[in-house]
Amino acid sequence: MTKILKRPEVESRTGLSRSTIYAGMTKGTFPQAVKLGPRAVGWREADIVSWLDGLKLRNEV
């Protein structure tokens, strides 16, 4: 089962602000949110973990 993270959890795990998250989504540099309802979105935990792993790899090079 896919775990969905709400924005506060995504902010906490990534250290990014709301505006930076949404700007990254617009630019295609951050995982896209999944619509959960008329006014709710979330992110797949696996997408956030993969994105963070990608950052670690770039920083190690």
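Residues 24 or more positions apart account for 38% of the contacts in the chain with a separation of 6 or more, a contact being heavy atoms within 4.5 Å. The model is predicted, so that local features need pLDDT of at least 70 and side-chain atom pairs count only at pLDDT 80 or more, while totals for chains, interfaces and linings use all residues. Residues are numbered from 1 along each chain as its sequence is written, and side-chain values use heavy atoms, with hydrogens and water left out.

**Overall build**

- The chain has three helices and three strands, where helices (H or I, at least four residues) and strands (E, at least two) are DSSP runs numbered from the N terminus.
- Read from the N terminus on, the elements of the chain follow the order β-α-α-β-β-α.
- The radius of gyration of the chain, 12 Å, is close to the 10 Å that the globule rule gives for 61 residues, so the chain is as compact as a globular protein of that length; the radius is taken over C-alpha atoms, and the rule is 2.2 Å times the number of residues to the power 0.38.
- Taken along the principal axes, the C-alpha atoms of the chain fill a box of roughly 40 × 30 × 20 Å.

- The three strands form an open sheet with the order 1-3-2 and antiparallel pairing, two strands being paired if DSSP finds at least two bridges between them.
- Strand 1 and strand 2 stand at the edges, each with a single partner strand, so one side of each is left without a neighbour in the sheet.
- Strand 1 (residues 4-5) pairs with strand 3 (residues 40-44) in the antiparallel sense over two bridges, and Leu5 stands opposite Trp43 in strand 3.
- Strand 2 (residues 34-37) pairs with strand 3 in the antiparallel sense over three bridges; Val34 stands opposite Gly42, and the bridge partner of Lys35 in strand 3 is Val41.
- Strand 2 is joined to strand 3 by a hairpin through two residues.

**Surface and charge**

- Of the 61 residues of the chain, 23% count as buried, which is to say under 20% relative accessible area with a 1.4 Å probe and protein chains only.
- The chain exposes about 4,500 Å², of which carbon and sulfur atoms supply 53%, with areas from the Shrake-Rupley method.
- There are 11 positive and 6 negative side chains, and the centres of the two sets lie 10 Å apart; Lys and Arg count as positive and Asp and Glu as negative, while His and the chain ends are not counted.

Note on methods:
Buried means under 20% relative accessible area, exposed over 50%, partly exposed in between (1.4 Å probe, protein chains only). Accessible areas come from the Shrake-Rupley method with a 1.4 Å probe; for residues, only the protein chains shown count as cover. The place of a charge is taken as NZ of Lys, CZ of Arg, CG of Asp or CD of Glu.
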